[in-house]
Structures are given as C-alpha cells and as structure tokens.
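Please have the sequence and the structure open while I speak.

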Number of protein chains: 2
Amino acid sequence: MSLEQLFNPKSIAVVGASAKKGKVGNIVLRQVKESRAEVYPINPKEPKIEGLKCYRSVTEIEKQIDLAVISLPAPLVLGAIKECASVEVRNAIVIAGGFKETGERGKRAEKQILKTKGKMRILGPNTLGIYFPGNKIDTLFLPPDRMQRPKEGKIAFISQSGAIAATLMDRLALYGIGISAFVGLGNKLDINENECIDYFANDQKTKAICVYLESFKDAKGFGERCKKISPKKPIVVIKAGRTERGKRAASLHTGSLAGSDQVVDGAFKQCGVIRAKTPNELIDLGRALAYTLPPKGRRVAIIGNAGGFCVTCCDLIESHGILRVANLSSRTKSELKKVVLPFASVENPIDLTASAVDRMYKDTLDILVESKEVDCILCGTSPQPPGLTEKLPEVVGRYADRLPIIAYLVGGREAIERIRSFEKLGVAAYPEPESAVKTLEAVWQWAENTRT
Amino acid sequence: MSLEQLFNPKSIAVVGASAKKGKVGNIVLRQVKESRAEVYPINPKEPKIEGLKCYRSVTEIEKQIDLAVISLPAPLVLGAIKECASVEVRNAIVIAGGFKETGERGKRAEKQILKTKGKMRILGPNTLGIYFPGNKIDTLFLPPDRMQRPKEGKIAFISQSGAIAATLMDRLALYGIGISAFVGLGNKLDINENECIDYFANDQKTKAICVYLESFKDAKGFGERCKKISPKKPIVVIKAGRTERGKRAASLHTGSLAGSDQVVDGAFKQCGVIRAKTPNELIDLGRALAYTLPPKGRRVAIIGNAGGFCVTCCDLIESHGILRVANLSSRTKSELKKVVLPFASVENPIDLTASAVDRMYKDTLDILVESKEVDCILCGTSPQPPGLTEKLPEVVGRYADRLPIIAYLVGGREAIERIRSFEKLGVAAYPEPESAVKTLEAVWQWAENTRT
C-alpha cells in the first residue's frame, strides 16, 4: 500500500487527545487541527477538546480514518491498535517510546502490535512523527516555541533519530530553509527507510533526499534502490556507525568500528549515495544538492569582499584536492579590471574588497559566465561593510541558473538574514566558508556520479 | 613607548570628523564620543559636529592629545600626520587604505609618513581601528547596525585583516561572547603584532590572545615571545599561508605552499602556539582556552539528551585520536543508573534521552566529578524537548571550576540563546558538536604544552 494516505490524510484521529496544554496529546491535536484534514480527538473523559467534538473511541467515528496518531503511553498502545484495526484505520503513528529500544519486553510488545494491526500501516513506535509543510500535516509532539518548523521546500528528510531531526529542523527554520517533508522512522516496526525513499523518489516536490540512519532494515534493498534513484535525485545519508550502545562501546576498543565503517563507505560510493559525517552536514549537503546546478568541471571561481575569507576558501579547496581554483586568462582578468576597484584583486580568488558594491558582484559574474573559464562559483559576502545592500542575494541569485553557485555569509544577525534571502531565491548559502566548500564538492561529486 | 595611551587614551582627536551620517569621519566620532576620553572633532569647515566644538586643526587644541584617529583619504594623510607630529600627538590610527597594498607609490607614501611622524606611534594604515569594550574606546568605522560590538570579555583579538575581524566580532556579538580588546594591525607601518602580543601578555583582563596574520613583521621575535608567553597565556594564531596574491597564485601550482606551511606548523608547535585553520576556529579555540580549566588527562565524558549527537561526539573524538572516550567503572555506572531515566544509557556517552530534566545533568555531573574517572566533560544539550529549562546552563556551569567543561547547543534561535547563557557563566559553548570537540582537544593540547 502506498504511503499516500499516511502522508496526506483526509481524516485524522488523535488517540489520547488531551485538553491539557503542554501534554503530547494536546500539542499533536493543536498541530493537526491546522491541516485540511477532518480531525477527531479521542478521549473517553472529555466532551470537547480544542473546540472539537471528542469521541470515546475510534470505533465511534463513522467515517473512514486515514491516520490515527496514537498519543498514549506504551502500555496502552496495543489496545488502541486493536481498536484502530477493528474499524480499518489505514495508518497509525505510534509516538510512545519504551518498546524494542528498552529490551526483551519491549520487543515482545512490538511483535504483538504487528500481529494485531491487520492491514494497517504503522510508523514508529518511538517516533517524532511526520511533518509535511505543503499540506500542513504536522504530528510532531514538540511545541513550535521549542522547535520552530521549517517552511515548505525541496528536501525530504527521513530520520531514525527524533532528537537529531528536531535540532536540525529547528536550525533549518532559523536559516529559512524549507523541506518538502519530514518522516521520523523511530523503531521501524513496520514502515522503514526503503519505502520512504521510494515514496520521495516519486514525489515531484522533493529534489533531494536526506536520511539519518542508525541501522538498515534491509541493507541490500537500500543499496539497490539508491543505485537506481540517486542518478536522478541525490540521496545524502548519515549512517551512525552502530546500533546498540553495548556493541558500540565494545567496538570502540577493538577497532571493529573502523572496519565496518569502511564497508559502509564503499557501499555508499557504489550506489551513488553522498555520505554526510555530522548532522549539520546532512542538511548542508542536501540543500546544495537540491538547488544547485551540477558543475560540468572542477574549476571554481572564488568571489568575495573580504580578503581573508577568499584566502581561506582558496586554502580549503586546494587542500581537499577535489575541486581546483580556476586559472583565469589574461583577457578575463583585464575585463575584470575594468569593473572592480583599482585596489581589488582579479586573480582568482577575486577579492572585491570591503569597499565593494552590489554592481561589482554583478559585473564580475557577467564576465565569468561569458568567459567559460569556470565551472562553478563560490560567492562569499561579509555584510558588515556598508557598500553591499540587502539586494545582493537577488543580484547574485540571477546567475544561479547559468552557473552552479554556492554562497556563504559570515558574521552575526545580519549574516543570518542574508542567508535567508539567498534561500528564498533557491541559492544554498552557509554561515561559514567551510560548509560552502564542502557542499560545492558534494555537488560536483554527485554531478560526476551521474556522468559515469 | 608603551601602547597604554593608544589603547586607553584620555584625549582623542578625530581628524576628518564629519557631520554627515554614514561617513567614516562621522561614525568614528559618534563611537569615540561614548568613551570617557575628551573628544575633539577636527574639520576646518564646521563649527560644531555631533554637539562637540569643532577645531580647524589639531594644532589649535591646547591639551595633550593621546590619540588622533585620522579619518581622511590616503592623499591627505601625510599632511595630517605632519600636523599631529608638530604638536606631539602621542598616537595616531590611520584608517585609509591605498598605501603599500596598492604598489610602489603607496610604499613611498608609507615611507614618508614614517619619516614625518617623529616620536608618534602609528597604527595602520589600512586598519579597522581598535575596540576596547572595558573603557569604551571604539574607533571602528563600521556602524553598529552593520557590525554589532562584542561585550567585555577575556579574549584579546589582533588581526591583520579588517574584514576577518569585522565578521568575527559580529559573530561574537551574536553568541554573546566578550573580548578584552581588538586591535586591527592593517599595514603595520609602525606598530606590529609583536608589540601587541607583549601588551596583552601583561594585560590582566586578557586570558587568551587570538591573532590573525597574513605576514610576520619579525618572525624570530614572534616565536621567541610566544615561547615565553604561551605557557602562561594561550596564544591562538591563524597564519594565512601567503602574503602577496601573486606569490600565492603561483605557489598554488608549484606546491611550494605546502612546504612553507609545514614550516609554520613546526615553528608554532615549538613555541607553543595553537594553530587555527579557519577564522571561526580562531575565536572558537581562543575562548575555550580563555575560560576552560586545563584537563589533567585525555579521558572525556560525553553527556547529552540526544542520542544521535552523543554518537556523533563519540565518533569525532575517537577518529581524531587526541582525546579518548573515558571508560566508566561498573560502580560509577551503577551510581548513574540511580539518577537517570530507566531507558537512558550510562555507558559513556551518557545519553540522558529527550526526556531528561535539568536535575539529571546535575546528578550525573556530581557522580562524574566524584568518580575521578574522567578528565573533562563534553556537555551537549538539544533545547527542543520540553524537559530542560533555561536554568540548565547555570546547573552545568557550577561544575566548570571542578572539571573542564565544553558545551554545545544544537538547533535554532533557542540554541543561540542558551549559548549566550553559557557564555555569561564563562563556559565556552558552541552551536555544533564539531567545534566543541575541536576546542576541547585544543585545550588539552595547551595543558599538555604547559606540562612539558
């Protein structure tokens, strides 16, 4: 069965809906009320919650339920699943932890749920839930003042860890970065990463798939579908080296960790998966891959208004050895000389200096595009000098469909604002040059994968 | 002559003061007006600027001038220097660029200034200026709405690049990180990094010295003083590999860069200098070194409320091979078991889980301090789950004088706020685990240097 009715439900029951602010069953209800779905709170003790008529049980609702969000503690989950199955609820999200991750007893409880659920599909247990900004489906049990929601965008984000997901979405919201969807896998009792990847492979809104995994449900199946999907739609994955803590602690001392990690590295390369090492990198790479034109070659032009950062970028690119700082012809350099300040440098890095104004970025980009001597642009701006205006992102963004451009904006509050502006224009921008360089390399790597 | 009267002037003349908002000569005047010094605007055309009586020339002021900030374009600087020298102004800051960095003519202009200046000391030309939050001396020509000012703190920051300095100070302000002083070296016509390092070595407020350099004025002298100073006061340096752009561009292709860079690496190690690779790292390392107790050994305890980040830290520490994740005894683990949630992990990393509350951090830290099984703490928090309160930094901060603690806070706006809270308590905190791990390693490295 497709996951369509889970991700885009027309009717949602909140089992364990609560009238008490701050309770999971209240947060979830308030969030799903904002969707276009019909919403049914289930609580035997309340006549009405959050202005909605309350039901004693899902069995009392006379309509077909596409999704039941089960906001009950672990010991009550099985009963709820039974009731949902009896009226053929299509999907259930089980929020509660306290299952397989806590030992044998929890494993047995999960098996019972599987036996009981019938045709119903289950996400979780132990999941943060799902969030689809496009249709306002938000079952996340963290209140928005604790975890801001990212807006609608082009990245599908699948995570086995709720905490990683929550922090990353909170960060995405800060920088104004959008996602097409978030799915928290939790314990993967039923629905797993492979099905989700298939779903987003076919989702028009999704341009890149980012996955945080601690274990594979079916490693072979994972590799096979990634191999097929990744040339068309980039897939970025964090594979946290180990699943059980005990195993991990042991492997840290025996060195078996490094070995198995290399296996994962090799497998990812074979199936075209871009590997991220840390949580921030997962999303950093994902959005560059979602928005940026694939570079045709390795030649980078570095543009900036802060010499020190130009040098930093140069150092980073050359030391990694994946891309290279383009050599500009004398002709291009003399063209550049005409449009920049007398004391600016037109060697690559092109340092427009702290006295740069927006127009110099525009003219420089014109000349570089025309020259055909560069394959991609690393565009840095320090918003502190007064010469650049808030229109710079627009000026630069216009070139993003002609050459791959990655931007970085260094500094404090204003830098964050400018990153948000670049994001709006679909240009991936980062708060420091290190991430910008890494992501440009990843974009090149993906382009290279799709060529070979 | 000591730099005391430059850095703590009792009287300041702003040569080229302007009545026009947004002009350098206006911004500087408005900033220095906030200091306790007597301030004299110099402009032959205006009777009064910003409410202060205006002078036609420094020669008209009857008092001794400790500092003249020369806010004039390059061609007018020599004249101003002459006048200042004639009335024995003690120090001058020359803001204008357009000297040695632009070629032969600029070099000659600098030589003329040197000949003319007499006993007067000169900072610059081509400098962002100085900023001493303690005595409110701020000659920076960037308006505060473009570049926020960091508050008073313990890091002295010396930079040859104005742009790097501006972006970093803007970032420091965002995270609520303080500095004792900033000095922009610019072209180093007279005052250089060595004198400044000597000054801050003796400055009680300064606990760590951070330096961004593109060239050494006197490499031997630099090494000698660092060797003497660094065991008592940590020195962190970025040495941007190359001085002239042309030389750099060439060296990128001949490989001479890597060679000379290794020389710098070796020299820094010999004189106990901690080397930073990127601008953010400079300050990241500097503040950890300024605040954090020196670890006695390599054993790290990782505490967190997000499993995925605990694993990330574990991966980072073990893969770098500088520190190691401490093995906790069964006794300590069973003590921990008593204070954490049943499903929390007390293996190291200690994952308190998303259901953690402040008290669990406190109890865990109590037990770890008591155990003597760890030398330092990497303390992560994801502020998204509702269990932790805004008091957590205070709870954790109380242990910072018993064990070295580095914190990281992941997420969006609230994470930034919590970083600010940790900062207030003198605990270095970072927006992602990568920086936290790197800085903990640097702190250990410095402690190790001072031992041997």
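Which residue of β6(B) does A68(B) stand opposite? A68(B) stands opposite A92(B). Before I go on, a word of care: this is a predicted model, in which local features need pLDDT of at least 70 and side-chain atom pairs count only at pLDDT 80 or more, while totals for chains, interfaces and linings use all residues. Residues are numbered from 1 along each chain as its sequence is written, chains are lettered from A and ligands numbered from 1 in the order in which they are written, and side-chain values use heavy atoms, with hydrogens and water left out.

Strand β5 of chain B, residues 67–70, and strand β6 of chain B, residues 91–94, run parallel and are joined by 4 bridges; strands here are DSSP E runs of at least two residues, helices are H or I runs of at least four, both numbered from the N terminus, and two strands pair if DSSP finds at least two bridges between them. They belong to an open sheet of 5 strands in chain B, with parallel pairing and the order β2-β1-β5-β6-β7. At its edges are β2 (38–42) and β7 (121–123) of chain B, each of which pairs on one side only. Helix α3 of chain B, residues 74–86, lies across β1, β5, β6 and β7 of chain B, running at about 170° to β5(B), where axes are lines fitted to C-alpha atoms, for helices over the stretch in contact, and angles run from 0 to 180 degrees between N-to-C directions.

Turning to chain A, there is an open sheet of 7 strands with mixed pairing, in the order β9-β8-β11-β10-β12-β13-β14. Within chain A, β8 (130–132) and β11 (179–184) pair in the antiparallel sense over 2 bridges, and I130(A) stands opposite V183(A) in β11(A).

How many residues of each chain are in contact at the interface? There are 63 residues of chain A in contact with 63 residues of chain B, contact meaning heavy atoms within 4.5 Å. Between chain A and chain B the count is 2 salt bridges, a salt bridge being a side-chain nitrogen of Lys or Arg within 4 Å of a carboxyl oxygen of Asp or Glu. E414(B) forms a salt bridge with R146(A), with the closest N and O atoms 4.0 Å apart. On the side of chain A that touches chain B, the largest share, 9 residues, comes from α11(A).
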